[in-house]
Amino acid sequence: MFSKKDIEEQILVIFGSNGDLSKRKLLPAIFQLYLNNLLPEKFIVIGTGSKDKNEITNREDVKSAILEFSPNSKHFDSKKIENFLNCVYYQRVHNQTETDFEGLKNYINTLSANLNIARNIIYYFSIPPFLYEVVANHLVRYGLNREEDGWKRIIVEKPFGYSYATAVELDQKLHTGFHEDQIYRIDHYLGKETVQNIMVTRFYNGFFEPIWNRKYVDRVEITAAEKIGVGDRGGYYDTSGAMRDMIQNHLLQVLAVVAMEPPAIFDSNSIRNETVKVLQALRPITAENASKQVVRGQYVATQVDGQMCPGYREERGVDPNSKTETFVALKAFVDNWRWGDVPFYIRTGKRLPVRVTEVVIHLKHAPHQLFKQLCLTHPNNMIILRIHPDAGIAIDFGMKIPGAGYKVQNVNMAFKYADLTDAKIPEAYERLLLDCMTGDSTLYARADAVRASWKFVDPIIQAWKEKQDIPLCFYKCNSWGPLEANNLFDEPYTKWCEPEE
Ligand SMILES: NC(=O)c1ccc[n+]([C@@H]2O[C@H](COP(=O)([O-])OP(=O)(O)OC[C@H]3O[C@@H](n4cnc5c(N)ncnc54)[C@H](OP(=O)(O)O)[C@@H]3O)[C@@H](O)[C@H]2O)c1
């Protein structure tokens, strides 16, 4: 476990500090690190943005964001907030105005000299993707990437690229000013304790590892369901869709952690070497197979609990004829020795009945079925890795119902992650910021992993664009998506799990 002594003095510069992500996630996460005594003695945050604010008005904004968006803000000691605000600064920077970066450089140099803080700097790109390259270039133009006076790191938000080609291009551009070790591509799913716990579950416990392969696993199901629609993000979402927004990054990363081989040693590069091998082993879904292995859907207006839920095409910022998918279900295969021919079913969607993310490992039936007639009506044994909410692990298996005969019922042994500790489970952004501050990139996506996942999803997106006969299936709000998603299973009695919140 870290203590603040292990963390070097440093400066965190946030581009887009007046934006949504910064207010809702980053500033509360930094404050939580402060409360947990995990910020170094010498540490400042410099927010930047186009708004003209002074230090006092910026500190008021930061305080409001912390109070509004921290999960436990009711219990905050106001003195602690005031103390924390002493390390918060602001500089007006218009991201597209090159000369503003000269002002930023002077501001950093002045603060670093006055406060006697080394110029170890993290630049957090909490800005729209089209600005990543622009801001990186401006930093390079004024030598703000140079490491003679301290290390420099950039955190780049998702989406990283819009396709394989644009991700490669963005990488090339960032690499002209920053080497790979300086680039931290954030995927907040990897910052979730429960995703990291998948590695511990698999590689610490003797009883999971022997069955974690094609011999015992029938199929793997990964679900990320959202109850809400696109809300205010219609404009962004309509150019992205569920495949780019959820599958290319978050869910393929989760799949990689579920399917990876144990690394020889537990360090950043070894772990990332293993996860990237999984992504590279994904069997391509060709344009011909796209209609057989992938189902895309879009929610339509539905009456739910007496209220009308608008359809996707009626949402603000969305094209009324949009074909953007708000639901994707797909069947993937990892072509390697461990997983040959085991299907991985991935599903994500908006306006589904619950908000839940989980992985279900469906085990094969026992080789000789003494209770054959029950085999088809009862699910296989399952290992359920609940990522969100109520993080934990459950094991589902059959037990005899007491009394005459041999009626079998499925029972569930469940462990809730929150029972392990009284301490609050850290938010993903706390963990990821801390990792970047200490130079640990294990939970950040490496360039080859990002490329491999784009390589997998690109042909599907292309097929949707080019092949008019691939349907967009409509589904009602508060349902589990289009019924066509069940056609992905080979066996007619197999269905998707319908997790409860
Ligand atoms: N919000 C989330 O929950 C979330 C989740 C995951 C990933 N992300 C990613 O995080 C990044 C930031 O997201 P966000 O929701 O915070 O974005 P945002 O609120 O729309 O924008 C952040 C800041 O970027 C600047 N900006 C926005 N649009 C601009 C434009 N057209 N031209 C010039 N500057 C512009 C603005 O800063 P100034 O006007 O002050 O310069 C704004 O405050 C994005 O890449 C997003 O994909 C966000």
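1. Helices (H or I, at least four residues) and strands (E, at least two) are DSSP runs, numbered from the N terminus. This is a predicted model, in which local features need pLDDT of at least 70 and side-chain atom pairs count only at pLDDT 80 or more, while totals for chains, interfaces and linings use all residues. Residues are numbered from 1 along each chain as its sequence is written.

2. Around the ligand there are 16 residues, and the closest are G16, G19, D20, L21 and G49; a residue is near a molecule if its C-beta atom, placed from the backbone, lies within 6 Å of it. Helix α1 (residues 20-35) gives the largest share of this shell, three residues.

3. Helix α10 (residues 268-280) packs with helix α14 (residues 447-466) at an angle of about 15 degrees, and their axes are 9 Å apart. The axes are lines fitted to C-alpha atoms over the stretch in contact, and angles run from 0 to 180 degrees between N-to-C directions. The two helices α10 and α14 are therefore roughly parallel to each other, a term for angles under 35 degrees. In this pair R272, T275, V276, L279 and Q280 of α10 meet D448, A449, A452, S453 and F456 of α14, where contact requires C-beta atoms, placed from the backbone, to lie within 7 Å.

4. Helix α7 (residues 193-204) and helix α9 (residues 241-259) pack at an angle of about 20 degrees, with axes 9 Å apart, and α7 and α9 are therefore also roughly parallel to each other. Their contact is made by V195, I198 and M199 of α7 together with V254, V257 and V258 of α9.

How values were computed. Parallel < 35°, antiparallel > 145°, perpendicular 65-115°, else oblique. Contact = placed C-beta atoms within 7 Å.
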